[in-house]
Amino acid sequence: FTGESVILPYENYTGLFQNRTSLKTVTFPSKMTKLFIGSNSGYGTFQGCTALEVCTLPTAVDEIEIYQSSFSGCSALKSIQLPSTLKTIADSTFYGCSSLSEIEIPNSVTSIGNYAFSSCTGLTNLVIPENVSWIGINAFADCSNIRELDIHCKTISLYPNVFKNVNLIERVAFTGESVTLPDEYSTGLFQNRTSLKTVTFPSKM
């Protein structure tokens, strides 16, 4: 894509490029005025593109929406740089992106949807920035190789099963002013994480 404004809708109840298993690379220009990927239909634009390794999003875009399941099941996707104007990571956006080894969530993001990064087994470190105030159910469930978790949210109340089956976690650090850690369906948020060595909270909250 080379234009300034791109809208990628779903068509005939399927994502525009859904299940195109030969698709390897998607690029957008570095500067855009508008980029909408998908819709609230639940049909992901690039969902199931199992060969997609590289998606280059614009680094500067005035208006951007990446809707639910947009990259769900892109199991070969290794990295993606999210624009600094992105506000929401929608439900199941990166569900099952098992080759994703790192993700930098921009400070502009305020909410992370249900199952947004579930089953991203390639992630080993995770930093959640300060402006995130809502993290949905199972957002990082089954990210089984995360070892280090930094939660910088100023105010956060975590929903059930956010870190379900993140069993190799070794370090958790909270830096925000207000943190609520609920039970998860009669199970503690980090209960029985036998590899967990260090948990830190700020000196003033």
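In what order do the 3 strands of the open sheet run, and is the pairing parallel or antiparallel? The order is 8-9-11, and the pairing is parallel. Strands here, like helices, are DSSP runs numbered from the N terminus, with at least two residues (E) for a strand and at least four (H or I) for a helix. Two strands count as paired if DSSP finds at least two bridges between them.

The model is a predicted one, so local features need pLDDT of at least 70 and side-chain atom pairs count only at pLDDT 80 or more, while totals for chains, interfaces and linings use all residues. Residues are numbered from 1 along each chain as its sequence is written, and side-chain values use heavy atoms, with hydrogens and water left out.

Strand 1 runs parallel to strand 5, with 4 bridges joining them, and Leu 8 has Ile 37 of strand 5 as its bridge partner. Strand 5 in turn runs parallel to strand 7, this time through 6 bridges. Ile 37 turns up again in this second pairing, opposite Ile 66 of strand 7. As a rule, strands of a sheet pair through backbone hydrogen bonds, either parallel or antiparallel.

Next comes the interior. A nonpolar core is taken as a set of buried Ala, Val, Leu, Ile, Met, Phe, Trp, Tyr and Cys residues joined through side-chain atoms within 4.5 Å. Buried means under 20% relative accessible area, exposed means over 50%, and partly exposed is what lies in between (1.4 Å probe, protein chains only). The largest such core holds 55 residues, and Phe 71, Ile 112, Ile 128, Phe 140 and Phe 163 are the ones with the most contacts inside it. Strand 1 (5-8), strand 5 (31-37), strand 7 (60-66), strand 10 (125-128), strand 12 (148-151) and strand 14 (171-174) each give two or more residues to this core.

What about the aromatic rings? Rings of Phe, Tyr and Trp (its six-membered ring) pair if their centres lie within 6.5 Å; planes under 30 degrees apart count as stacked, over 60 as edge-to-face and the rest as tilted. Searching the whole structure gives 11 aromatic pairs. One of them, Phe 1 with Phe 28, is stacked at 4.9 Å centre to centre with 5° between the planes. Phe 1 belongs to the segment before strand 1 and Phe 28 to the loop between strand 4 (25-27) and strand 5, so this pair ties together parts 27 residues apart in sequence. Phe 1 is partly exposed at a relative accessible area of 37%, whereas Phe 28 is buried at 6%.

Phe 46 and Phe 71 make another stacked pair, 5.4 Å centre to centre and 15° between the planes. Phe 46 comes from the loop between strand 5 and strand 6 (54-56) and Phe 71 from the loop between strand 7 and strand 8 (88-89), so parts 25 residues apart in sequence are tied together. Phe 46 is buried at 1% relative accessibility, and Phe 71 is buried at 0%. Both also belong to one aromatic cluster, made up of Phe 17, Phe 46, Phe 71, Phe 94, Phe 117, Phe 140, Phe 163 and Phe 190.

Most residues other than glycine have a negative phi. Ser 69, though, has a positive phi near 65°; this serine is in the loop between strand 7 and strand 8 and is buried at 10% relative accessibility. Asn 165 also has a positive phi, about 65°, and lies in the loop between strand 13 (155-157) and strand 14, partly exposed at 33%. Ser 195 is in the loop between strand 15 (178-180) and strand 16 (198-200), and is buried at 18% relative accessibility.
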